[in-house]
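I set out to record what I looked up in this model, one entry for each topic.

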Amino acid sequence: MSGLRLALAMLLALAGCDKGKEPSFQGWVEAELIFVGPDEVGRIETLSVREGDHVERGALLFTVDPDLQLADVAMQEAAVKNAQIAYDRAQQLAKTMAGTQKSLDDAEAALRTAQARLNSAQTRLTRRKVFSPVTGSVQQIYYRGGELVPAGEPIVALLPPGNLKVRFFVNEATLPKLKFGDPVAITCDGCDAGIRAKISFISRASEFTPPVIYSMDERSKLVFLIEARPERPERLRVGQPVSVALGQSE
């Protein structure tokens with residue numbers, strides 16, 4: 001009996017030590033990727049990056065064959081020339097009173113329309129070269145050189161450092177203790193010590209149990225999604241399991 005009492009006393013002592021300690025929760029690291037692809041269908045001519053590369057904003061990522069766009073530009077340039085000739089003729093006729101003001105107005109409108117279509121065709125041609133919209137790292141490449149890419153399909157997935165976040169769940173009892181901007185401490189296997197983050201999202205909807213009248217037992221199963229943005233995101237990796245300790249001040 002003395003051994004049992006000693007064991008119970010040790011358990012009570014350990015429980016007392018944990019009373020003042022803030023709880024920790026299991027979570028994971030998630031990324032908000034930036035997907036970059038062509039506006040129109042085309043075949044990849046050049047791919048300037050590899051997975052894992054660091055790219056600056058404005059760096060060339062890939063080019064898509066511009067044959068159709070070049071042909072469209074040539075056609076619109078011819079249309080602008082023809083519209084310009086028609087406008088000049090209508091202008092001369094109007095000056096000599098041999099033409100009407102309506103004919104001049106129609107020729108001017110046709111010239112403006114042709115110029116607008118040429119500008120659109122030139123823009124489509126320019127966008128066959130695709131540049132990085134952000135500074136970050138190349139996480140994944142979905143198509144390689146020579147492959148045909150449908151319109152809107154991503155070719156490259158980029159991860160800016162600020163788009164890394166830690167997601168974890170807390171129970172209903174812990175939820176009132178949290179607010180936006182609260183600091184938390186992140187720990188994981190093989191990570192450096194002192195990784196900190198700040199809460200950036202607190203879900204207003206519970207998960208796991210259905211939205212019905214809860215018994216006391218069911219209420220204890222409610223969990224709410226929390227997201228935190230790490231101050232040093234380069235120290236974490238996407239998909240990495242982490243432990244999140246609350247109430248860790250600077």
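Entry 1, strand β13. I began with V170, which stands opposite F224 in β13. The model is a predicted one, so I note that local features need pLDDT of at least 70, side-chain atom pairs count only at pLDDT 80 or more, and totals for chains, interfaces and linings use all residues. Residues are numbered from 1 along each chain as its sequence is written, and side-chain values use heavy atoms, with hydrogens and water left out.

I then looked up the pairing of strand β10 (residues 164–171) with β13, and found it antiparallel over six bridges. Two strands count as paired if DSSP finds at least two bridges between them. Strands are DSSP runs of E with at least two residues, helices are runs of H or I with at least four, and both are numbered from the N terminus.

Strand β13 (residues 223–230) also runs antiparallel to strand β12 (residues 195–207), joined by seven bridges. There I found I202 partnered with I226 and K198 partnered with R229. I checked the cover of β13 as well: six of its eight residues are buried. Buried means under 20% relative accessible area, exposed means over 50%, and partly exposed lies in between, with a 1.4 Å probe and protein chains only.

Entry 2, the barrel. I traced a closed barrel of six strands in the order β1-β10-β13-β12-β11-β14, with antiparallel pairing. The twist averages 40 degrees from one strand to the next. For such angles, axes are lines fitted to C-alpha atoms, for helices over the stretch in contact, and the angle runs from 0 to 180 degrees between N-to-C directions.

Three bridges join strand β5 (residues 60–64) to β6, and L60 stands opposite F131 in β6.

How many aromatic pairs does the structure hold? I found three. One of them is F35 with Y142, a tilted pair at 6.3 Å centre to centre and 40 degrees between the planes. F35 lies in strand β2 (residues 34–36) and Y142 in the loop between β7 (136–141) and β8 (148–149), so the pair ties together parts 107 residues apart in sequence. Rings of Phe, Tyr and Trp (its six-membered ring) pair if their centres lie within 6.5 Å; planes under 30 degrees apart are stacked, over 60 edge-to-face, and the rest tilted. Y142 is partly exposed, at a relative accessible area of 32%.

I located L125 in helix α3 (residues 101–126). L125 is partly exposed, with a relative accessible area of 24%. L125 lies 9.7 Å from A71, C-alpha to C-alpha, although the two are 54 residues apart in sequence.
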